[in-house]
Amino acid sequence: DDEVKIHLSLIFSKKYLGHFEVCQVHVPFKNRGPIHTTNLTTAVGIVTVDINQRGLFWDIGNRVSQDTEVNLIGRVHFDNKSG
């Protein structure tokens, strides 16, 4: 397995809080094998592996009203076996 450590921080301007319906972050891994496992934590939203197992999808939603900073932290493990 190949591993990537992630610490993704988004800082929202206070003037935009509550002024959007959805916030989604796509994290592609085009030059790696398919995602085998993840160990990710976030206090806001839901993180899923995309249908092709080549990236992450972080659906933050619209509940960024109190904290202006949201974080996605953890590790992604890839399967390097070809085929």
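Contact means heavy atoms within 4.5 Å. Keep that in mind for the tour.

**Before you start.** This is a predicted model: local features need pLDDT of at least 70, side-chain atom pairs count only at pLDDT 80 or more, and totals for chains, interfaces and linings use all residues. Residues are numbered from 1 along each chain as its sequence is written, and side-chain values use heavy atoms, leaving out hydrogens and water.

**Stop 1: the whole chain.** Show the protein chain as a cartoon. You will find 0 helices and 6 strands. Helices (H or I, at least four residues) and strands (E, at least two) are DSSP runs, numbered from the N terminus. Of the contacts with a separation of 6 or more, 72% link residues 24 or more positions apart.

**Stop 2: the core.** Select Phe29, Leu56, Ile60 and Val76. In the largest nonpolar core, of 17 residues, these four touch the most other members. Such a core is a set of buried Ala, Val, Leu, Ile, Met, Phe, Trp, Tyr and Cys residues joined through side-chain atoms within 4.5 Å. Buried means under 20% relative accessible area, exposed over 50%, and partly exposed in between (1.4 Å probe, protein chains only).

**Stop 3: Ile60.** Leaving aside neighbours within four places in sequence, Ile60 is in contact with Leu10, Cys23, Val25, Val44, Gly45 and Val70.

**Stop 4: Gln53.** Go to the loop between strand 4 (46-49) and strand 5, where Gln53 is found. Gln53 is not a glycine, yet has a positive phi of about 60°. Most residues other than glycine have a negative phi. Why does Gln53 count as partly exposed? Because its relative accessibility is 40%.
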